[in-house]
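Reader: I am new to this structure and would like to go through it by question and answer. Please show it to me.

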Amino acid sequence: MRPLILLLSFVILLIACSPSSTTYDAHDGLSSFSASTFESYLKTLSSNDFMGRKPFTEGETKTLNFLQNELKNIGLEPGNDSSYLQQVPLVSITCEADSMMTIKGTKSTFELKGFDDYVLWTQHAEGASLEDAELVFAGYGIVAPEYNWNDYEGIDVKGKVVLVFVNDPGFGTGDSTFFKGNTMTYYGRWTYKFEEAARQGAVGCLVIHDDAPASYPFAVVQNSWNTSKLYLGEKGVVNTTCPIEGWVSLPALKKLFDAAGLNYTEKLSAAHKPGFRAEPLKLTASTKIKTTPVYNTSSNVIAKVPGTTRPDEYIIYSAHWDHLGIGKPDEDGDSIYNGALDNASGTAGLLEIANAFMNMNTKPERTVVFLFVTAEEQGLLGSSYYAEHPIFPKEKTVANINIDGVNNKGAVKDISLVGIGQSDLEDYLRQECKKVNRYATNDPSPAAGYYFRSDHFNFAKIGIPALYTHSGIDLVEKGKEYGEQLDSEYRDKHYHKPSDEYDPNKWDLEGSIEDLKLLFLVGKRMAMESTWPQWKEGSEFKAIRDSYMK
């Protein structure tokens, strides 16, 4: 009897000591990364032959064909049933806004001048107009339960136009515990202002421009005056956005406040304080926007490596394949916007990571998805469409890892985390960095809100933890100062210009491969574990995830 008891005890001990998830080789898959293969992808995607990869052009057709062929060659399965494509319906709307906006008050009537005082547009294909619509000052236009903040409390703005400050109340206070201080939250992004105004039933939303909190001059806003913009849209589908969206200059806002008998400095101060209440200006606005819509369809590209034991749980890698196409020639006469760094490099990087997963000896337990989205340059539209029409349920999607530009500076010691303090994915990345004697740094420009400016953001908006990084600057051989110099040179001379081209004499791909390996390792860890990364306390996206993951 005693030997049987000892045997049972030994078996129980073995079971107790067994790992709860599959053990795997930490180096599995890494040997497949190849600078020459990555370079080949990069050179093809950013070549003149691909014409800048703009949606609705021959460049799109070539890009889609190339990606599908490479995914098949690597061995990935189609991600949308039997297809590698997800169609994305879009509408191009050219606006013709009135040159004047008539403002009526109890004591005076005056006009604001289009382009100089305000910039308007509409996402409504049929056009939009204001006819003596009431104006309401709504502070920052924020409803944030986690901060106990509601600028719309106690007022009905249905059928009215709201004026709201850009950024959020924490900006400029020096208090990192008030919202996030100078680190912009999603509530500070101008896109959020329009979304919330629409939820409140407003017919118009004008964001008040100020250089410092906006992080760019009013001249940048003026570039949107009476231009053509792409939006998600199908004929006959009801549009729920604010009929009129736009910006108003700070001088024009002060003119409105003067007419309403309000003091700008006092109202700015009040909007920063808890308990702020929106206030009617007792002014009305009238203007209209004519439109010319053109409908078309682009495509996301999607493929997958099926999981072995938990195939219905998904990790999604994303990158946008599109760029700006052929446009205005530069001083050298070059009119092709190749978008080598932005984002042929990220697209090529996804192919490299996909190849690594396919070459693992121990295949991932969760399904790993590779999503190449369209129309990022037009407003994150491809990823927005996926988020609204997910092929894989959000409740089953573990996380998103997004790549928008890779490190082309060579070997660096660091990698930059964008949107610090958002999710556990940051901790995953730090741990992988430590294993290879690297380190993760905080976002160098937290006030600019870069976490809300690339495709991962649309995953965050539906509650899926999302990781987004920028390349580091601490070069192994030449240090931080030289790294900062290279970043500044790219922003000033090459970003969104024809000169964003691949140059083998200037690009050092060693750093590209090392960063891609880090992101592969983060995804591989999630693909092999049973736990789920979470949003951190204080993240504006945590409540969204919590609401459907109970």
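Reader: In which helix is the place of Asn343?
Author: This is a predicted model, in which local features need pLDDT of at least 70, side-chain atom pairs count only at pLDDT 80 or more, and totals for chains, interfaces and linings use all residues. Residues are numbered from 1 along each chain as its sequence is written, and side-chain values use heavy atoms, with hydrogens and water left out. Helices (H or I, at least four residues) and strands (E, at least two) are DSSP runs, numbered from the N terminus. A cis peptide bond with omega of about 5° joins Asp342 and Asn343, and the place of Asn343 is in helix α9.

Reader: How does α3 lie relative to α9, roughly parallel or roughly antiparallel?
Author: Axes are lines fitted to C-alpha atoms, for helices over the stretch in contact, and angles run from 0 to 180 degrees between N-to-C directions. Helix α9 (residues 340-358) packs with α3 at an angle of about 15°, the axes being 10 Å apart. Angles under 35 degrees count as roughly parallel, over 145 as roughly antiparallel, 65 to 115 as roughly perpendicular and the rest as oblique. The angle therefore makes α3 and α9 roughly parallel.

Reader: Which residues of α9 make the contact with α3?
Author: Contact means heavy atoms within 4.5 Å. From α3 come Phe66, Leu67, Glu70, Leu71 and Ile74. The α9 side is made by Thr347, Leu351, Ala354, Asn355 and Met358.

Reader: How does α2 lie relative to α3, roughly parallel or roughly antiparallel?
Author: The axes of helix α2 (residues 35-45) and helix α3 (residues 58-74) come within 11 Å and cross at roughly 160°. The crossing angle therefore makes α2 and α3 roughly antiparallel.

Reader: How many residues of the contact of α2 with α3 are charged?
Author: The contact is made by Tyr41, Thr44 and Leu45 of α2 with Thr63, Phe66, Glu70 and Ile74 of α3. Ala, Val, Leu, Ile, Met, Phe, Trp, Tyr, Cys and Pro count as nonpolar, Asp, Glu, Lys and Arg as charged, and the others, Gly among them, as polar. By class there are 4 nonpolar and 2 polar residues, and the charged number 1.

Reader: Which element gives the largest share of the lining of the second largest pocket?
Author: On a 1 Å grid over the protein atoms alone, a pocket is an open set of points with protein on both sides within 12 Å along at least five of seven lines, a cavity is a set where a 1.4 Å probe fits but cannot get out, and lining residues have an atom within 4 Å of a point. Of the 14 residues that line this pocket, Ala26, Leu30, Glu432, Lys435 and Leu521 are the closest to its centre. Two or more residues come from each of α11 (425-435) and α14 (510-528). The largest share, 6 residues, comes from α14.

Reader: How much space lies in the largest cavity?
Author: Grid points are joined across faces, edges and corners, and a volume is the space filled by probe spheres set on the points. The whole structure has 3 cavities of 30 Å³ or more. At least two lining residues of the largest cavity are supplied by each of β21 (466-471) and α14. The space in the largest cavity is about 80 Å³.
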